[in-house]
Amino acid sequence: MRVISLPCPHCQSAVRAAKSRTMSTLMKEITYRCQNVDCGHTFVATLEISRTVSMSAMPNPEVSLPISPRAYLAPQGTGTA
């Protein structure tokens, strides 16, 4: 699994996620701490689901996401009618 990482916006050092909070079905708020002790910056970033690239086989009717043009190009199954 790939971990989403970003550098400290001030010193460009590595940061570590300290905690997260679910804001909604589509958004999470993550508190990061800079690992450079001379910097010590703590900040909040948001992670938001923005669009569908591959359609779900178990769609949640309460979730409404725009569909990426790429999703329309993906194979929709190989069954015959």
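1. Terms and basis. Helices (H or I, at least four residues) and strands (E, at least two) are DSSP runs, numbered from the N terminus. The model is predicted, so local features need pLDDT of at least 70 and side-chain atom pairs count only at pLDDT 80 or more, while totals for chains, interfaces and linings use all residues. Residues are numbered from 1 along each chain as its sequence is written, and side-chain values use heavy atoms, with hydrogens and water left out.

2. Overall composition. The protein contains 1 helix and 3 strands, and their order along the sequence is β-β-β-α. Of its 81 residues, 12% are buried; here buried means under 20% relative accessible area, exposed over 50%, and partly exposed in between (1.4 Å probe, protein chains only). The accessible surface is about 7000 Å², and carbon and sulfur atoms supply 54% of that surface. Such areas come from the Shrake-Rupley method with a 1.4 Å probe, and for residues only the protein chains shown count as cover.

3. The sheet. An open sheet is formed by 3 strands in the order β1-β2-β3, with antiparallel pairing. Because β1 and β3 (42-48) stand at the edges with a single partner strand each, one side of each is left without a neighbour in the sheet. On average, neighbouring strands are turned by 25 degrees against each other, direction ignored; the axes are lines fitted to C-alpha atoms, for helices over the stretch in contact, and angles run from 0 to 180 degrees between N-to-C directions. Two strands pair if DSSP finds at least two bridges between them. For β2 and β3, the antiparallel pairing extends over 7 bridges, and Ile30 stands opposite Ala45 in β3.

4. Thr31. Which strand holds Thr31? The residue lies in β2, which covers residues 27-34. Thr31 is buried, at a relative accessible area of 14%. Contact means heavy atoms within 4.5 Å. Apart from neighbours within four places in sequence, the contacts of Thr31 are Arg16, Ala17, Ala18, Lys19, Thr42, Phe43 and Val44. For the protein, 21% of the contacts with a separation of 6 or more join residues 24 or more positions apart.

5. Gln12. This residue belongs to the segment before β1 (15-24). Most residues other than glycine have a negative phi. Gln12 is not a glycine, yet its phi is positive, at about 70 degrees. With a relative accessibility of 53%, Gln12 is exposed.

6. Cysteines. A disulfide is a pair of cysteine sulfur atoms within 2.5 Å, and by this rule the count is 0 disulfides.

7. Salt bridge. The structure holds 1 salt bridge, that is, a side-chain nitrogen of Lys or Arg within 4 Å of a carboxyl oxygen of Asp or Glu. Its partners are Arg21 and Glu29, whose closest N and O atoms are 2.9 Å apart. Arg21 is partly exposed at 48% relative accessible area, and Glu29 is also partly exposed, at 21%.
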